[in-house]
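I opened my notebook to record what I could look up in one structure. The entries follow in the order in which I made them.

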Amino acid sequence: MKDDLTSLWEATASDAPETVSPKGEHVCDVMIIGGGFTGMSCALQLAKGGASVIVVDAVRPGFGASGRNGGQVIPGLKHDPDTLDQLYGEYTTEFVGKTAETTFDLIKQHGIDCDATPSGWIQGSVKRDHLGWLETRMREWQSRGADVRMLDTTEIQSLTGSERLVGGWFDNRAGQLHPLKYIRGLTRAAQGAGCQVFAPAVVQRVKSVSGKWHAEIADTNASIKSDHLVVATNGYSGDLFPKLRKSLIPVNSFQVATAPLGEEQLAKVLPTKTPVSDSRRIGNYFRIGPGGRLMIGGRGTFTDPVSRAAFQEIISELHAYYPWVKSVPLEFYWAGRLAMTYDHFPHLHRPVENMTMAVGYNGRGVALSTSLGKAIADNLLAPDTPLPLRFRDISPLIAHDMHRAYATIAIWYYRLRDYLES
Ligand SMILES: Cc1cc2nc3c(=O)[nH]c(=O)nc-3n(C[C@H](O)[C@H](O)[C@H](O)COP(=O)(O)OP(=O)(O)OC[C@H]3O[C@@H](n4cnc5c(N)ncnc54)[C@H](O)[C@@H]3O)c2cc1C
């Protein structure tokens, strides 16, 4: 028998919005493949702007990373602001600096009940060697007016209750939410604005006929015709667009959550309930989840886990942060797939004039995918509206079929570098 790998989010979310599989022929201005944050925030903005929109998800909205992640709403990219200015320009830096604000504003505007809290975020470090670049990052954001500051050893340990962390920085623009409640609320808002959402419905083929896209849905006679196609399949990108799939490395991130902690335990661990990510190349993220449970996540295997035995590494990390938590039972184990890119930047493609693809958030997509989906919609509604990233060619990775082998080597290399730093 397989172990129960139901997520804590699944166990505590509101009901899923009603969706049906499509039948017959449908026509719309924009069809979106993928009902995660990217697809659904794009759909909502388009529908509000008067476009007719259809979103199709293979399973249900939020089935992918959007319904499974750590719920940390973090602005910025994994690159520093000065680097972003040089590579993309100040508009991009400003955009990524505001992604958390954009997300919280959207939630407020649509009254989405998803436990959204602008609690700030800590990027902490277990390595003194990392404090220099963390300070550079903090200062670069600070010089752009962001409400951020450094945390010394005493302060980070009192904010996190972990003696493992030696310092870090605090980003007051950030926060957290319940990701499955959020994507379900976003879906309801899009439906309320007139968007049709079809699920389960696997898009198995798209072809261009006289300037329109014709999409075929597996195991049905349904077809959907649209003027524009948005592809938002991220870590779940399959063979519908093989070149796109081969430009990404899908990676599982694993999470576990403890049984509810008591008042005294909660006062010892993350007393201000601020979420934390650690700065290692192969690092962890942790926070307090629904019911006062401590949850932690980090890099898992490439294949989807089928048993709780696969979570041993993440459990060891939990106990390294909080040795006393060894006596607290674990109640939830789950995983989700994110998409890595070779340059750690998200990738925006427009291979032909009437198709847009947005993928590759490298595990930092709650705020970014929400904001990018919205920005794509604004650009489709008014083509003069600039996008925050320039379009790039889709570049399949050489020997992509070997990605597990070379990504494993890369992970060991990163782990070794993490290990060698003090
Ligand atoms: C475990 C985990 C923890 C994470 N934690 C954080 C965090 O704390 N903070 C943060 O900022 N980011 C985090 N991330 C990253 C973040 O969740 C993602 O970047 C973001 O959700 C991506 O959203 P998306 O809409 O692009 O893709 P997804 O949410 O993955 O959606 C893609 C959808 O496409 C659908 N699909 C695929 N192919 C087809 C097809 N042929 N036809 C129809 N539908 C199809 C799938 O069913 C899926 O629902 C985490 C990711 C994971 C996996």
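Is threonine 341 buried or exposed, and why? I noted first that the model is predicted. Threonine 341 counts as buried because its relative accessibility is 4%, and the limit for buried is under 20%. I found threonine 341 in the loop between strand 16 and strand 17 (347–349). Leaving out residues up to four places away in sequence, I listed its contacts as Leu248, His347, Gly360 and Asn362.

I looked up isoleucine 394, which sits in the loop between helix 12 and helix 13 (403–420). Isoleucine 394 has 15% relative accessibility, so it counts as buried too. Its contacts, again without residues up to four places away in sequence, are Lys243, Leu244, Ser247, His349, Pro351 and Met357. I also checked one distance: isoleucine 394 and arginine 364 are 30 residues apart in sequence, and their C-alpha atoms are 21 Å apart in space.

Entry on the ligand. Which residues come nearest to the ligand? I wrote down Thr38, Asp57, Ala58, Ser66 and Gln72, out of 37 residues around it. By class, I recorded 16 nonpolar, 17 polar and four charged residues in this shell. Helix 2 (37–48), strand 12 (249–258), strand 16 (330–340) and helix 12 (366–381) each supply at least two residues of the shell. Strand 16 gives the most, with three residues.

A polar backbone atom of alanine 58 is 2.9 Å from a nitrogen atom of the ligand. For valine 203, a backbone N or O atom lies 3.0 Å from a ligand nitrogen atom. For valine 366, a backbone N or O atom lies 2.9 Å from an oxygen atom of the ligand. The ligand taken alone exposes 1,000 Å², and the protein buries 97% of that.

Entry on the cores. How many residues does the largest nonpolar core have? I recorded 64, and Ile32, Tyr182 and Leu186 have the most contacts inside this core. I followed up tyrosine 182, which touches Phe37, Thr103, Leu106, Ile107, Ile112, Cys114, Leu177 and Thr370 when residues up to four places away in sequence are not counted. A second, separate core has 30 residues, among them Leu151, Ile156, Leu159 and Ile288.

Entry on helix 4. I marked Thr92, Thr93, Phe95, Val96 and Gly97 as the buried residues of helix 4 (residues 90–97). They pack against helix 3 (81–87), helix 5 (99–109), helix 6 (131–142) and helix 12.

Entry on the backbone. I kept in mind that most residues other than glycine have a negative phi, and that most peptide bonds are trans. Where is proline 200 found? I placed proline 200 in the loop between strand 8 (196–198) and strand 9 (203–209). A cis peptide bond joins alanine 199 to proline 200, with omega about -5°.

Lysine 273 is not a glycine, yet it has a positive phi of about 60°. I found lysine 273 in the loop between helix 10 (263–268) and strand 13 (276–278). Lysine 273 counts as partly exposed because its relative accessibility is 40%.

Histidine 344 is also not a glycine, and its phi is positive, near 65°. Histidine 344 lies in the loop between strand 16 and strand 17. At 29% relative accessibility, histidine 344 counts as partly exposed, while threonine 341 counts as buried.

Key. Residues numbered from 1 in each chain as written. Predicted model: local features only at pLDDT ≥ 70, side-chain atom pairs only at ≥ 80, totals over all residues. Heavy atoms only, no water. Near = heavy atom within 4 Å. Polar contact = N/O pair within 3.5 Å; in protein donor to acceptor, adjacent residues only side chain to side chain. Areas by Shrake-Rupley, 256 points an atom, 1.4 Å probe, with all protein chains shown as cover. Helix = DSSP H or I, 4+ residues; strand = E, 2+ residues; numbered from the N terminus. Nonpolar A, V, L, I, M, F, W, Y, C, P; charged D, E, K, R; others polar. Core = buried A, V, L, I, M, F, W, Y, C linked by side-chain atoms within 4.5 Å. Buried < 20%, exposed > 50% of the residue type's maximum accessible area, 1.4 Å probe, protein only. Contact = heavy atoms within 4.5 Å.
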